[in-house]
Amino acid sequence: MVANLVLLLAAGTLISTGVYLVLDRAMTKMMLGLMLIGNGANLLILQAGGSAGSPPIMGRESLLYGEKIADPLAQAMILTAIVISMAMTAFILTLAYRQYRYRTADVIEDDIEDAAIAARPATASAAPDHDASDDPATGRMTSEGDSFGPRSFEAPVKGEEDA
């Protein structure tokens, strides 16, 4: 099988441009990147399907290709990939529209709580369900209950008008 260099270069360009756009923070650029990756993958599947041939119907030979039949699997997979990428594009457009309705900006920001969870130490005592009243050896609750820390933790919070 001889591969078409122009189609391979086009597929590589589409996929690399798509990856670059997916790594951006703007939702519309991410959507365009996913569409480009899908189209580049379709070109790669087309190349993997082999060379052109007669229609994949028994008894249907063409004058140009004779009895050499085209691979119908690659064509079916590309058609399925087109339908899936169209549905995914519609879903991403819906997300982008919803985000526009709430914020009018399509830039995805860092989530502060995700960063705090990622920065938390991996020790068991740093787990959210672990407090000072738990036994450090077994992790089971002790008779002290939740009596830990200074008493100021349990005092009501004073607002600016109370101070």
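**Surface, pocket and helices of a predicted model**

Leu5, Leu8, Leu9 and Leu44 together make a nonpolar surface patch of about 370 Å². A patch here joins nonpolar side chains (Val, Leu, Ile, Met, Phe, Trp, Tyr) within 5 Å, or like charges within 9 Å, and takes residues with over 30% relative accessible area and no salt bridge. The accessible areas come from the Shrake-Rupley method with a 1.4 Å probe, and for residues only the protein chains shown count as cover. The structure is a predicted model, so to speak of local features pLDDT of at least 70 is needed, and side-chain atom pairs count only at pLDDT 80 or more, while totals for chains, interfaces and linings use all residues. Residues are numbered from 1 along each chain as its sequence is written, and side-chain values use heavy atoms, with hydrogens and water left out.

Helix 1 (residues 5–22) gives the largest share of the nonpolar patch, namely three residues. Leu9 is part of helix 1 and, with a relative accessibility of 53%, counts as exposed. The classes are buried (under 20% relative accessible area), exposed (over 50%) and partly exposed (in between), for a 1.4 Å probe and protein chains only. Ser16 also belongs to helix 1 and is partly exposed at 44%. Its C-alpha atom lies 8.9 Å from that of Gly40, although Ser16 and Gly40 are 24 residues apart in sequence.

Taken as a whole, the protein chain has four helices and zero strands, and reads α-α-α-α along the sequence. Helices (H or I, at least four residues) and strands (E, at least two) are DSSP runs, numbered from the N terminus. Of the 163 residues in the protein chain, 15% are buried.

An unreviewed UniProt entry places the feature "transmembrane region" at residues 6–23, 30–53 and 73–97. UniProt positions follow the numbering used here, feature names are shortened, and annotations may be inferred rather than shown by experiment. Residues 6–23 are 94% helix and 0% strand, with 26 Å between the end C-alpha atoms.

One salt bridge is present in the structure. Asp24 pairs with Lys29 in this salt bridge, and the closest N and O atoms are 3.2 Å apart; the criterion is a side-chain nitrogen of Lys or Arg within 4 Å of a carboxyl oxygen of Asp or Glu. Asp24 is partly exposed at 29% relative accessibility, and Lys29 is partly exposed at 38%.

The largest pocket has a volume of about 230 Å³. Its lining comprises 14 residues, with Leu46, Gly49, Gly50, Ser51 and Ala52 nearest the centre. Helix 2 (27–48) and helix 3 (72–103) are the elements that give two or more residues to this lining. On a 1 Å grid over the protein atoms alone, a pocket is an open set of points where a 1.4 Å probe fits, with protein on both sides within 12 Å along at least five of seven lines, and lining residues have an atom within 4 Å of a point. Grid points are joined across faces, edges and corners, and the volume is the space filled by probe spheres set on the points.

Met88 sits in helix 3 and is partly exposed at 36% relative accessibility. Met88 and Leu34 are 54 residues apart in sequence, with 8.7 Å between their C-alpha atoms.
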